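Subject: Structure for your review

Dear colleague,

Please find below the structure that I am handing over to you. My notes on it follow directly after.

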Amino acid sequence: MSKTKQSRVLVVIPARGGSKGIPLKNLQPVAGRSLVARAVGAALAAPSVTDVVVSTDHPGIRAEALRCGAQVVKRPAELSGDLATSESAVLHVLDDHRAQTGEDPEVVVLLQCTSPFIDPADLDAAVAEVLAGGADVCFSAAESHAFLWTVGADGGVDAVGHDAAHRPRRQDRAPQYRETGAFYALRTDGFRRHGHRFFGRLRLHVVPPEHSTEIDTPEDLDLVAALAERREQGAGAPAGIDVDALVTDFDGVHTDDAVLLAEDGTEHVRVNRGDGMGVARLSRAGVPLLILSTEKNPVVAARGRKLGVEVLQGIDDKASRLAEWIAARGLDPERVAFLGNDVNDVGAMAAVGWPLAVADARPEARAAARLVLSAKGGHGAVREACERILAAQPQPRVLATAGEHHQGKGRSA
């Protein structure tokens with residue numbers, strides 16, 4: 001679709017820093033990507049979308065949104081409290097957009113970070129329905145065959161939307177639809193007149209049940225994270241980790257933390273050949289690597305030479321030494337990953353934007369991790385980390401115009 005002034009589509013993603021149920025919920029990772037990153041990625045991938053704006057009051061969310069290619073509008077305090085509506089955030093962004101461009105978009109989309117499985121094709125179809133004049137509002141919904149009940153003040157219950165005396169089979173019931181909360185495509189002039197998201201001609205865009213999950217509680221987040229890992233592993237591609245460097249511990253990460261001790265005191269460890277392949281591929285991609293170890297042992301240096309990786313060992317204060325290494329290379333700590341397994345890695349994990357833990361890490365390290373890998377130390381954890389980083393690396397452009405088109409969404413007027 002031609003992106004003229006008459007058919008501009010602005011996606012607004014409200015992302016407050018405050019959250020009672022899950023602290024900084026919008027920055028929580030799902031299979032290696034924050035909820036903000038997932039929302040921005042879905043919006044940018046929809047062909048009809050011309051502008052993506054995150055409305056936030058939090059500097060960390062702002063940085064994440066900009067990193068992912070969105071624009072950011074600072075959300076004022078009076079629109080950031082628990083009682084503030086999503087509509088108020090959308091109207092505030094529209095006012096800012098009009099001040100910057102002198103016009104309103106034809107369609108504005110309210111897109112929620114709490115729905116982590118938005119399909120860009122679904123979003124694009126909802127926008128197309130509004131642009132074509134088939135609806136003033138088109139929003140995501142999922143089929144529901146649930147039998148709903150209400151409880152009265154006296155404790156009595158009443159059926160909602162069905163006859164309690166008649167229990168038809170699922171296939172014999174006309175489906176009802178549950179609002180998923182994922183996205184709402186709105187004709188902008190109507191939204192400004194009414195001030196809320198439901199007005200004029202309403203249409204549903206029905207999404208698959210597996211795309212309709214919404215995160216409200218820590219339990220929801222745990223379930224969604226597990227589902228995302230299974231889905232992405234089943235698809236054969238690991239969730240990407242978008243970083244510029246990888247630093248790892250050695251014992252319990254490159255090894256299974258076991259040591260074979262010879263009579264003369266010489267130590268022998270077991271390493272994984274697959275890890276070596278992962279390191280080689282990451283090195284060829286130009287991503288710096290470092291092994292940072294508390295222990296000082298010839299075997300660590302030997303493994304580093306074999307892999308062609310820089311080694312720093314005998315380091316008691318890993319966090320400080322890691323910060324020096326990052327600064328010396330002009331790297332952004334938020335775009336560095338550290339892979340650890342034990343309590344002495346927690347400080348270094350806190351010093352980077354992507355703390356990772358092997359699957360069999362100590363509870364302290366697991367708690368400090370942004371992502372716990374599926375592989376154990378010495379059993380492919382380093383390979384998994386490398387593959388995830390490679391998965392997030394920019395792919396070569398086939399058509400220059402396609403790359404320019406994508407960039408335009410993040411930079412737009």
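A nonpolar core, as the term is used here, is a set of buried Ala, Val, Leu, Ile, Met, Phe, Trp, Tyr and Cys residues joined through side-chain atoms within 4.5 Å. Please bear in mind that this is a predicted model.

The largest such core has 46 residues, and Leu322 and Trp325 are the ones with the most contacts inside it. Helix α12 (residues 381–391) supplies the largest share of this core, namely 6 residues. Leaving aside residues up to four places away in sequence, Leu322 touches Val247, Leu292, Phe338, Ala348, Ala351 and Val352. Another core, of 43 residues, lies apart from it and includes Ala31, Val107, Val109 and Ala228.

Strand β1 (residues 9–14) may also interest you. Of its 6 residues, 6 are buried. In a regular strand, side chains alternate between the two faces of the sheet. In β1, Val9, Val11 and Ile13 point one way, while Leu10, Val12 and Pro14 point the other way, and all are buried. Strand β1 pairs with strand β6 (residues 107–111) in the parallel sense over 4 bridges, and Val109 in β6 is the bridge partner of Val11. Strand β1 also runs parallel to strand β4 (residues 51–56), to which 5 bridges join it; here Ile13 stands opposite Val54.

I then turned to the aromatic rings. How many aromatic pairs does a search of the whole structure find? The search gives 3 aromatic pairs. One of them is the stacked pair of Phe139 and Tyr184, at 6.0 Å centre to centre and with 25° between the planes. Because Phe139 lies in strand β7 (residues 137–144) and Tyr184 in strand β10 (residues 176–187), this pair ties together parts that are 45 residues apart in sequence. Both Phe139 and Tyr184 are buried.

Tyr184 also pairs with Phe198: the ring centres are 5.9 Å apart and the planes lie at 80°, so this pair is edge-to-face. Phe198 belongs to the loop between α5 (188–194) and β11 (202–206), 14 residues from Tyr184 in strand β10. Tyr184 has 2% relative accessibility and therefore counts as buried, whereas Phe198 is partly exposed, with a relative accessible area of 31%. Through these ring pairs, Phe139, Tyr184 and Phe198 are linked into a cluster.

Finally, charged groups sit over rings at two sites. Arg167 lies over the face of Phe147, at 3.9 Å from the ring centre. The charged end of Arg370 sits over the ring of Trp354, 3.7 Å from its centre.

With kind regards

Notes
Residues are numbered from 1 along each chain as its sequence is written. This is a predicted model: local features need pLDDT of at least 70, side-chain atom pairs count only at pLDDT 80 or more; totals for chains, interfaces and linings use all residues. Side-chain values use heavy atoms; hydrogens and water are left out. Buried means under 20% relative accessible area, exposed over 50%, partly exposed in between (1.4 Å probe, protein chains only). Helices (H or I, at least four residues) and strands (E, at least two) are DSSP runs, numbered from the N terminus. Contact means heavy atoms within 4.5 Å. Rings of Phe, Tyr and Trp (its six-membered ring) pair if their centres lie within 6.5 Å; planes under 30 degrees apart count as stacked, over 60 as edge-to-face and the rest as tilted. A charge sits over a ring if NZ of Lys or CZ of Arg is within 6 Å of the ring centre and within 35 degrees of the ring normal. Two strands pair if DSSP finds at least two bridges between them.
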